[in-house]
Amino acid sequence: MIRIDNAGHWFRPNHWLFRDLSFALVPSEVTAILGPNGAGKTTLLRAVCGTLALREGAVSAAAQIGYVPQALHADHAYSAIDMVLLGRSRYLGRFNSPGRKDKVRARECLHEVGLSAIADQRYDRLSGGQLVLLARALASDCRILVLDEPASALDLANQGIVLRLIQHLARSRELAVLLTTHHPDHALGIADKTLLMLHDAVHLYGPAGSVLTEENLARMYGVPVRRVEIHSGDETVAAIVPLHGLGRSGSASPANG
Amino acid sequence: MTQDIVQPQAFEPARRAPGAWMPITLYAGLCLALIAALLWSMVSGRYQVPFAHVIAILAAHLTDVTPTWTPTERIVVEVVRLPRVLTAAIAGAGLSLCGAVLQGLFRNPLVGPQTIGVSSGAALGGVTAILFFGFGAFVQVGAFLGAAASLLAVLAIHRSDSMSPILTLVLAGVVVSAFCSALVGMATYIADPETKLPDIVFWLLGSFASASWSKLLLLSVCTAIAGAVLIGMRWRINVLSLGDEDARTLGVHPARDRVILLTATCLAISAQVGVSGTIGWVGLVVPNLARMIVGADHRRLLPVSTLMGAVFLVVADTLARDLTAAEIPVGIVTAIVGTPVFAYLLRRNATSKTP
């Protein structure tokens with residue numbers, strides 16, 4: 001559905017953020033990008049969305065892309081439903097405004113992310129602005145969904161809700177999903193494929209389970225990590241735990257004195 | 001199954017977006033206010049024409065009315081006041097519409113035709129035209145070219161720094177305005193005091209006193225063309241107000257749209273400056289007042305701002321005409337009303353950034 005071939009980019013000459021990067025997104029599959037700060041994750045997303053011209057390589061998209069930025073500062077006080085309606089803009093001529101069908105579509109999409117109740121509230125005063133932007137991407141009838149750090153600014157419960165929503169959308173709408181995250185757990189939870197962007201333009205790509213190993217993650221973040229599995233009822237949850245050296249000494253619970 | 005996937009209580013309670021109520025009542029109210037302002041403006045003045053006579057003189061064009069008015073009253077209404085009040089209304093409508101569009105495009109409610117240097121550019125163009133060709137049709141052309149040139153200059157300065165875009169934009173406007181003012185000063189200094197200077201000074205003062213049917217026609221045509229383009233592209237302005245990168249991800253290419261919008265804005269502003277000189281503050285203050293009433297959505301903001309601007313300038317011009325024994329320039333009235341409102345907006349804008 002979308003192919004990235006031999007992508008390479010730098011901002012300072014010969015300081016490659018990434019190079020020879022190739023992967024493809026297919027419908028109903030979630031691909032997660034992980035990497036330390038400054039590894040070029042957002043830059044890669046911008047290249048995928050076509051708002052940044054790569055120094056090397058090519059992005060060939062065969063379908064509409066919907067982009068969900070991490071946050072969007074709106075200088076004007078639009079309502080949530082108007083923000084979603086903006087997703088319809090690509091189908092409107094220069095002198096056209098959204099019609100009844102567009103409005104119905106926008107309401108559906110806002111409902112799909114569970115925000116019908118706040119349709120008329122001001123977008124700039126919502127703390128869940130990214131979900132409105134997700135609804136906006138859905139309203140553009142995209143086949144490829146690109147998200148920059150979804151669920152990064154949410155509490156534990158809402159992280160789970162948003163991740164499940166993204167997985168559900170990928171399956172039910174057959175979307176090809178590409179997202180960045182700082183949480184290896186999130187990638188383990190919903191990603192089918194994972195791309196690790198290490199420093200010095202090195203990257204690793206493959207099925208989430210086989211790429212997200214203790215060794216790879218430790219190499220990427222420079223911190224030793226353990227991968228643990230927790231069994232709860234009939235489900236097994238994999239978690240990545242960093243060993244920051246913050247643990248307390250002693251094998252049992254801390255004793256008094 | 002996706003219903004209630006995120007509980008609404010996960011989000012901060014927010015105030016209902018302004019303007020979600022019936023806009024038709026508002027449009028009707030504004031139209032009535034405009035008609036009332038126009039009629040009041042034609043009645044009042046040093047030469048009082050009774051309200052009934054104004055109505056009768058206007059109605060005589062549509063139906064047979066037995067003349068109850070004096071010939072002088074007819075001349076005052078038809079030749080002096082009617083073109084003047086209509087010019088003021090259209091100028092106010094155009095300025096406010098352009099102000100609202102510029103504020104959307106530059107993502108900044110403190111931008112106006114004056115703050116970004118377009119008005120002073122138009123003034124410089126007009127003065128240059130008077131200087132070389134005398135007072136006439138070239139004033140319009142000069143005003144348009146001056147407006148376009150100053151806008152290009154502001155954009156060139158603005159782009160060179162992206163650290164604090166809003167501040168650079170306003171400062172770029174100040175710089176270009178100052179440059180234009182200096183050149184206007186030089187033009188008035190070297191202008192022939194017998195022939196050119198009176199024309200220049202009179203024109204620069206900014207007044208509707210010289211309004212005529214021919215000037216009104218020119219202003220109407222330019223404002224109508226610009227207005228059709230600007231109001232027609234009201235949804236695109238919503239898209240562009242999110243910033244270039246976001247507009248591109250929404251499938252809209254901002255560059256050409258912005259050129260069209262800015263050209264239309266220049267056309268309307270320069271037509272106004274050409275007809276009545278520089279009139280400040282209208283295009284800055286009125287869109288902000290309109291935004292307080294109907295919210296930021298340009299689909300509603302543009303028409304409401306246009307109507308409010310028309311009412312505002314007709315009232316301001318009537319006050320300028322009748323407040324004192326000698327007429328004061330309308331620009332003084334708009335500045336007296338506009339500056340305190342602008343100060344209030346500045347303060348409100350500064351405080352709202354820190355929650």
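Biologist: What should I know about the model and its numbering first?
Modeller: The model is predicted: local features need pLDDT of at least 70, side-chain atom pairs count only at pLDDT 80 or more, and totals for chains, interfaces and linings use all residues. Residues are numbered from 1 along each chain as its sequence is written, and chains are lettered from A and ligands numbered from 1 in the order in which they are written.

Biologist: How many residues of chain A and chain B are in the contact?
Modeller: Chain A puts in 40 residues and chain B 38 residues. Two residues are in contact if their C-beta atoms, placed from the backbone, lie within 7 Å.

Biologist: Other topic. At what angle do α3 and α11 of chain B pack?
Modeller: Helix α3 (residues 71–105) of chain B packs with helix α11 (residues 254–276) of chain B at about 150°, and their axes are 9 Å apart. Helices (H or I, at least four residues) are DSSP runs, numbered from the N terminus. Axes are lines fitted to C-alpha atoms over the stretch in contact, and angles run from 0 to 180 degrees between N-to-C directions.

Biologist: Parallel or antiparallel, then?
Modeller: That angle makes α3(B) roughly antiparallel to α11(B) (over 145 degrees).

Biologist: Which residues of α3(B) meet α11(B)?
Modeller: Among them are Ala91(B), Gly94(B) and Leu95(B), while the α11(B) side includes Arg258(B), Leu261(B) and Thr265(B).

Biologist: And the domains of chain B?
Modeller: Domain 1 is 112–278 and domain 2 is 282–355, with bounds from an automatic or database domain assignment. Their C-alpha centres lie 18 Å apart. In the contact, 17 residues of domain 1 of chain B touch 13 residues of domain 2 of chain B.

How values were computed:
Helix = DSSP H or I, 4+ residues; strand = E, 2+ residues; numbered from the N terminus. Parallel < 35°, antiparallel > 145°, perpendicular 65-115°, else oblique.
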